[in-house]
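These are my notebook entries on a structure that I examined element by element. I set down what I looked up and what I found.

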Amino acid sequence: MPEAFELAARPGARILAGGQSLIPSLNMRLATPELLVDITGLRELASIARTANGLRIGALVTHAILERSPEVAEDIPLLAQAAAEVAHPAIRNRGTLGGSLALADPAAEYPACALALEATIVLAGPRGERRVPASRFFQGLFETDIQPGELLIAAEFPRADRSVFLELARRHGDYAIVGIAAVESKGARRFAYCGVGATPVLAAGASRATTLDAALQALRQDLHPVADLYHSAATKLHLAGVLLSRAWNTLAKPH
Amino acid sequence: MEHARETTLTVNGTRVTRRIEPRVHLVDFLRDELGLTGSHIGCEHGVCGACTVRVNGEIVRGCLMLAVQADGCSVETIEGLSDSKELAPLQRAFHEHNALQCGFCTPGMLMAAQDLVRAGGRPSRERIRAHISGNYCRCTGYQAIVDAIEEVVNGPR
C-alpha cells in the first residue's frame, strides 16, 4: 500500500484496477497517463466483510463476484441487481466496484446505489484513512473527492429493508439511458438516479412523497437531465418517471 | 525497451517468458508475439467480444487487459480449447446449425458460449442471449447461434 500511495501521487499517474473503463480510454487515446499503477496485486482490497449494519466491500471486488456473492445477495441485494446490469460477463469478470466508484461515470450503476443507500466511501493515503459519505464523494463529471496519492480502498453499504435497481438501455449491457436505485428503510424511501446529470442524482422531492402521483410530480423538479446522442432531455425525464413508477410499485409489493 | 517487463505466463498449457512493453494488450501479444491469431481484434474497446480469451479460467476481453497484467496467469485461447477438444460439441453444433457465416466472431462466440456450458444447468434462450450479449455477430442474426448453444446445453431437441 505505501508503495501504491507514493506512485499514485506522482504527476500523470493513473490507478489501474480492472481496467474495463481505463483501458478502452487508453485504446482510444482519450487518456494518456505518464504512469499506470496496477493495484490488482493488493489482494487485501478484494474481500467482502460483514459490519454492524451491512457490508464493507473491498475496492477490487469484481462485478462478477458482487453478482454471485451470497453475502451481497442477502445483505445488499441492490448491488447484486446492479452488477447484473453492468456490461457483459467477460467485462464483469475484471471490472471492479472501486474502479466504478472512483471513475464516477454519470451513467454507472454503483454511484447511484451508493447514494441511495447512503454508503460510506473509504479512502486511504499516506496520512491514513478518510471516510466520505457518498453524498459528498461525487462532485462532478468524473470528479470525486479522491486527492492525489489517495486510493479508494472500500465502500461500506448499510442494509435496507427493501430495494430495487432498474435501468433502461438501448441494448443489454449498454450504458444506461437512465437507471434508478430505489431503497426503503423504516418507511423512508430514497430514489437515486444514474444517467440524468453529471453525477448520480438523489431525487429528493420524489423520495419525500407519500403517493406515486406526488412523487412523479416532484420528479419534474428533482431532475434536470440533459440530452445525450440519442435521447432528448424530455425523453430522459419521461423514462425516469417510468422507472420511478416501476420501482415504487416494486417496493410497495407485499413481501 | 526501457519499460519492458519480464512476464511469465502459461498459454494453452505452455510456460512462456517474454520481455513485454506495458502498453501491449494481451490479445496483441497472443497474436503478434505467439502467433495465436485465432483470437480476433474487432473494436479494440471491449464492445464486440471477438478477442475473448480465458484468464485463470474466466473469460475476459483480450483488448481490455495488458499482457504484463497476465504475469503469473494461465491463459487459454481458442487454439488451446480446440486442440483439447473441449469445444468440440459446440463446434459441431455451430457447424450443423449454420451458426456462422464469415466466422470473424466465431472464436469469441465459442469462448463465451463454452463459459455458459461450463456453468452447467439448462439456461433458457433468454439467458443464452444475455450471456452472449457482449459478442457481436454481424452475419447471422444470432438465431442459429442460440440454437447451436441451446442444443449443447440442453441436449438435442
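**Entry 1. Domains of chain A.** I began with the term on which the next distance rests: domain bounds here come from an automatic or database domain assignment. I note at the outset that the model is predicted. For chain A, the assignment gives domain 1 (2–10 + 18–24 + 45–158) and domain 2 (162–252). I looked up the separation of the two centres, taken over C-alpha atoms, and found 21 Å between domain 1 of chain A and domain 2 of chain A.

I then turned to the contact between these domains. Domain 1 of chain A contributes 21 residues to the contact, and domain 2 of chain A contributes 22 residues. On the side of domain 1 of chain A that touches domain 2 of chain A, at least two residues each come from α5 (77–83), α8 (109–117) and β7 (138–140) of chain A. The largest share of that side belongs to α8(A), with seven residues. I recorded its composition by class as 16 nonpolar, three polar and two charged residues.

**Entry 2. Five-stranded sheet of chain A.** I traced an open sheet of five strands in chain A, in the order β3-β4-β9-β5-β6, with antiparallel pairing. Its edge strands are β3 (48–51) and β6 (128–133) of chain A, each of which pairs on one side only.

Strand β5 (residues 120–125) and strand β9 (residues 151–158) of chain A run antiparallel and are joined by five bridges. L123(A) has L152(A), in β9(A), as its bridge partner.

**Entry 3. Four-stranded sheet of chain A.** I found a further open sheet in chain A, with four strands in the order β10-β11-β12-β13 and antiparallel pairing. Why is one side of β10 (162–168) and of β13 (201–202) of chain A left without a neighbour in the sheet? Both strands stand at the edges and have a single partner strand each, so one side of each has no neighbour there.

For β10(A), I looked up the pairing with strand β11 (residues 178–185) of chain A: the two run antiparallel, with seven bridges between them. In this pair, R162(A) has E184(A) of β11(A) as its bridge partner.

I next asked which helices pack on the sheet. The helix α8(A) does so, touching β10, β11, β12 (188–194) and β13 of chain A, and its direction makes about 160 degrees with that of β12(A). Helix α12 (residues 233–252) of chain A also packs on the sheet, where it touches β10, β11 and β12 of chain A; its direction makes about 30 degrees with that of β11(A).

**Entry 4. Contact between the chains.** I looked up the interface and found 20 residues of chain B in contact with 18 residues of chain A. On the chain B side, β4 (58–61), α4 (106–119) and α5 (125–131) of chain B are the elements that give two or more residues. Of these, β4(B) gives the most, with four residues. I sorted the residues of this side of chain B into eight nonpolar, eight polar and four charged.

**Entry 5. G13 of chain B.** I located G13(B) in the loop between β1 (5–11) and β2 (14–20) of chain B. Is G13(B) buried or exposed? It counts as exposed because it has 11 C-beta neighbours inside 10 Å, and the cut-off for exposed is 12 or fewer. Finally, I noted that G13(B) and G80(B) lie 67 residues apart in sequence and 8.0 Å apart in space, C-alpha to C-alpha.

Terms used:
Residues are numbered from 1 along each chain as its sequence is written. Chains are lettered from A and ligands numbered from 1 in the order in which they are written. This is a predicted model: local features need pLDDT of at least 70, side-chain atom pairs count only at pLDDT 80 or more; totals for chains, interfaces and linings use all residues. Two residues are in contact if their C-beta atoms, placed from the backbone, lie within 7 Å. Ala, Val, Leu, Ile, Met, Phe, Trp, Tyr, Cys and Pro count as nonpolar, Asp, Glu, Lys and Arg as charged, and the others, Gly among them, as polar. Two strands pair if DSSP finds at least two bridges between them. Axes are lines fitted to C-alpha atoms, for helices over the stretch in contact, and angles run from 0 to 180 degrees between N-to-C directions. A residue is buried if 20 or more other C-beta atoms lie within 10 Å of its own, exposed if 12 or fewer, and partly exposed in between; C-beta atoms are placed from the backbone.
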